[in-house]
Amino acid sequence: MKDKKAINVSKSGNRGSIEHQTKAADHDGDIMEMASRDVLSIPPSTSIKETTEIMMEHKFRRLPVTDPGSGKVLGIVTVMDVLNFLGGGDKFNIIEKKYDDNFLAAINVPVKEIMSTGVITLSNKASVDETIKTMLDNQIGAVPIIDHDGNLVGIITERDVALSLAGVLTEEEVQDYMSTKVFTTTPGTPVEGACKIMVRNSLRRIPIVGGDADISKANKKLLGMVTSTDIVNFLNDKELFGNLKGNSATEVLDTKLSEIMVTDLVTVAPNEKLGDLCLTFAEKNIGGAPVVKDGKIVGIITERDVIKAIKKF
């Protein structure tokens, strides 16, 4: 059972072991119509392992890190920070150097070691237009919302904005907003390799291709997908820790993507309307999808691409 002290809750006028943000400020901006007021946050002393468990339990891609006394935002930790730590970037030094490749020791260090500080926040009086501009200008997927006292009162994500447009953008087509530069990899790529690709290119998902005897077609045939959340879920699997023969990070990170990739994929056609795409995102609880034409992957479309479409209006 998780230590309840690992979850901060900021409830107006009440602070307990688990608090949910439900404060409704006077004269809120329209940002609060889309934002989540029930905000889960964690103190900086929470271990990396427990942080990922909380993320996966509540299906969050990020968690604000707050001071347990004042409730002020100290940082934010995302699944991409976890992938960076697992070998995708400079935070891997925590495992490799500080803990001499001891994976089990490293995942129990405080989350403050990998969280991002200098967090961009917005006032609860902000507008949706201001929110979208802030997200796109800073290339961030979520913004904590604070009141005039600096207390955390909500959080708004790309998903909140994109899903609000389900069934609305009826003329705009996927092919006009999708990314045509698609980073792919193969089923034999190890988890560490996927972490590197994702972190270095700021990707939350990678299509898996191959499996065709014809080499000219193999790099086009879509076999599956791996997301940053899939990798973190894999690392939270109790069987993984139970089957480790030692404490080495290498043993974990050498796992092939074929063992964790999702093969039952949701794909979209280039001429699909963005409004319909947002409905699919909501129904399937996904944040992106490969764009496929004639059985080949021709692009990828995400919640951020949808938000870029909104900015044009």
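Colleague: What should I know before we start?

Modeller: This is a predicted model, where local features need pLDDT of at least 70, side-chain atom pairs count only at pLDDT 80 or more, and totals for chains, interfaces and linings use all residues. Residues are numbered from 1 along each chain as its sequence is written, and side-chain values use heavy atoms, with hydrogens and water left out.

Colleague: OK, strand S4 then. Is S4 mostly covered or mostly open?

Modeller: Mostly covered: five of its five residues are buried. Buried means under 20% relative accessible area, exposed means over 50%, and partly exposed is in between (1.4 Å probe, protein chains only). Strands (E, at least two residues) and helices (H or I, at least four) are DSSP runs, numbered from the N terminus.

Colleague: Which residues of S4 point which way?

Modeller: Ala 142, Pro 144 and Ile 146 point one way, while Val 143 and Ile 145 point the other way.

Colleague: And which strands pair with S4?

Modeller: Strand S3 (residues 122-123) runs parallel to S4, joined by two bridges, with Ser 123 opposite Ile 146. Strand S5 (residues 152-157) pairs with S4 in the antiparallel sense over five bridges, and there Ala 142 stands opposite Thr 157. Two strands count as paired if DSSP finds at least two bridges between them.

Colleague: What sits between S4 and S5?

Modeller: They make a hairpin with five residues between the strands, and Gly 150 in that hairpin has a positive phi near 85 degrees.

Colleague: Where else does a positive phi turn up in a turn?

Modeller: Asp 294 has one of about 55 degrees, in the turn of the S8 and S9 hairpin, which has two residues between its strands. Those strands, S8 (288-293) and S9 (296-302), pair in the antiparallel sense over six bridges. Gly 288 stands opposite Thr 302. Asp 294 counts as exposed because its relative accessible area is 73%.

Colleague: New topic: why does Glu 173 count as buried?

Modeller: Because its relative accessibility is 19%. Glu 173 lies in the loop between helix H7 (158-163) and H8. Its side chain makes a polar contact of 2.5 Å with that of Gln 175. A polar contact is a pair of N or O atoms within 3.5 Å; within protein, one must be able to donate a hydrogen and the other to accept it, and residues adjacent in sequence count only if both atoms are side-chain atoms.

Colleague: Last one: how many cavities of 30 Å³ or more are there?

Modeller: One. A cavity is a set of points on a 1 Å grid over the protein atoms alone where a 1.4 Å probe fits but cannot get out, and lining residues have an atom within 4 Å of a point. Twelve residues line the largest cavity, and Thr 52, Val 82, Phe 103, Ile 107 and Leu 235 are the closest to its centre.

Terms used. 1 Å grid on protein atoms, 1.4 Å probe; cavity = no way out; pocket = protein on both sides within 12 Å on 5 of 7 lines; lining within 4 Å. Points joined across faces, edges and corners; volume = space filled by probe spheres on them.
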